[in-house]
Amino acid sequence: GSEMCIRDSWNAYTWQEISAEVSTLANGFAAKGLQAGDRVAVIGNNVPQLFFAIIASQSLGAVPVPLHADSNSDELRGMLVNCNAKFIVLQDQQQADAVMPLLGELSNLSQVIYVDTRGIENYNADQLISFADMQKAGEAFASQKPNYLQEAVAQVTPDTDAFIVYTAGTSGTPRGAVLTHSNFLTIGQAFAEQEKLGDEEEVFAYLPLAYSSALFYVYTLWMIKGYTINCPESNETTMSDMREVGPTFLYGPPHFFKTMFSQINSRAASSKSKMIDKHLGGMMTTGRTWLGSKLVFEPIKDLYGLSRIKNAYVGGDMVSNEVFHFFRALGINLKTTYGSAESAGCISIQQISEDDLTGEENVVGTPLRGVEVKILDNHEIAFKGPNAFKGYFGDAAQSGQAKDAEGWVKTGDVGELAN
């Protein structure tokens, strides 16, 4: 289509343009020997090219392994060795500096592809190739084997591995949860239908790609709905970029909402007028007034890029009562969610009728369609469903401990069932 579907501060791409970028990249990957089942580490912030690299890898049946942009060599080593990465795609010099010392230890690694060339062009390593050169190789390959990519895509099934997502694990050694396309897509479809997600949503992509929540709430739902992803200019400009984007659909960890809450509060404290304080105070106890909405809350929402939000979700940890109720009182329909890497990022979403329960900021909601939840004897939450991961990469023992023969997955979290 001709609608914009991903943009950053410099470029915007339609689906047609995305398809062209991804095709030349995937053909380049194939030309350089990437095959189905190979692992591709993706290290960097939310930039369109890394999204293209994820789609290109998946098109060939290879498995993207997103890792944190600011990890150092020691932090990356365990995961890159564990997943036995064949390719690494990175954003810029910061990630190149972290990866370079490891090249001798990664025997399976054949290509290190970098997006931003500044500072890297003088590095000397056989594996290094720029994103642009990889696409050039793809153009040459496609002219020789025009049907290769189409045939590779046809081999990808719902049961093909889609991602490996690393979690810290109790022992401190990283564990890579292997998730299939079906894991993400079934739970994504259930979420999109239940939450009435549209194809014209504007989504702000600021969460690290290494989080299952980013792969679910940004990437998977984008693939299902075809909405627009907006990438921030940098980590430092996240809050101001969000104001410019004005997302309609927003997921964040408690820290994100708490930061905004603090900014709004300190702004209120330093303002000459006591009007914000007065309305905020009243709002927390007696609810919104029409005057408060028009004079105070609408401008606040505008200022923080919140005025277009239809759906907002918080997850990954417990959100404080104060922060939760503040956003509800602003007129933002904030809902708590629950999920994990092992559940493709989502198990349950709070329904607004659950407000009647006391302490609703701790109610993580009703399981999505197809997902079952139970509480074990030790009060641990376990779930089962189409989103349950396959196992930990190369670690049958840990996998068997986390997921039983019937498909029940232990979450390591303590909880209780209401109703």
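**Exercise 1. In this predicted model, describe how helix 10 and helix 13 pack, giving the angle and the distance between their axes.**

Solution. Two packed helices are described by the angle between their axes and by the distance between the axes. For helix 10 (residues 254-270) and helix 13 (residues 321-329), the angle is about 70° and the axes are 10 Å apart. Because angles of 65 to 115 degrees count as roughly perpendicular, helix 10 is roughly perpendicular to helix 13.

The next step is to list the residues that make the contact: helix 10 contributes Phe-257, Lys-258, Met-260, Phe-261 and Ile-264, while helix 13 contributes Glu-322, Val-323, Phe-326 and Phe-327. Sorted by class, this contact of helix 10 with helix 13 comprises 7 nonpolar and 2 charged residues, with no polar ones.

**Exercise 2. Where in the chain do Arg-77 and Asp-74 lie, and which network do they belong to?**

Solution. Begin with the distance: the closest N and O atoms of Arg-77 and Asp-74 are 2.9 Å apart, and the two residues form a salt bridge, since the cut-off is 4 Å. Both residues belong to helix 3 (residues 73-83), where, being 3 residues apart, they are separated by about one helical turn. As to accessibility, Arg-77 is partly exposed at 30% relative accessibility, whereas Asp-74 is exposed, with a relative accessible area of 58%.

**Exercise 3. Which parts of the chain does the salt bridge between Asp-161 and Lys-390 tie together?**

Solution. The closest N and O atoms of Asp-161 and Lys-390 are 2.6 Å apart, in a salt bridge. Asp-161 lies in strand 8 (residues 161-167), and Lys-390 lies in the loop between strand 18 (380-384) and strand 19 (391-392), so that the pair ties together parts 229 residues apart in sequence. Lys-390 itself counts as partly exposed, at 49% relative accessibility.

**Exercise 4. Are Lys-310 and Glu-201 buried, partly exposed or exposed, and which parts of the chain does the pair link?**

Solution. The side chains of Lys-310 and Glu-201 meet in a salt bridge of 3.4 Å, taken from N to O. This pair links distant parts of the chain, 109 residues apart, with Lys-310 in the loop between helix 12 (290-303) and strand 13 (311-314) and Glu-201 in the loop between helix 7 (181-194) and strand 10 (202-204). Lys-310 counts as partly exposed at 44% relative accessibility, whereas Glu-201, at 2%, counts as buried.

To complete Exercise 2, salt bridges that share partners join Asp-74, Arg-77 and Glu-105 into one network. The count for the model comes to 12 salt bridges.

Terms used: Residues are numbered from 1 along each chain as its sequence is written. This is a predicted model: local features need pLDDT of at least 70, side-chain atom pairs count only at pLDDT 80 or more; totals for chains, interfaces and linings use all residues. Side-chain values use heavy atoms; hydrogens and water are left out. Helices (H or I, at least four residues) and strands (E, at least two) are DSSP runs, numbered from the N terminus. Buried means under 20% relative accessible area, exposed over 50%, partly exposed in between (1.4 Å probe, protein chains only). Axes are lines fitted to C-alpha atoms, for helices over the stretch in contact, and angles run from 0 to 180 degrees between N-to-C directions. Angles under 35 degrees count as roughly parallel, over 145 as roughly antiparallel, 65 to 115 as roughly perpendicular and the rest as oblique. Contact means heavy atoms within 4.5 Å. Ala, Val, Leu, Ile, Met, Phe, Trp, Tyr, Cys and Pro count as nonpolar, Asp, Glu, Lys and Arg as charged, and the others, Gly among them, as polar.
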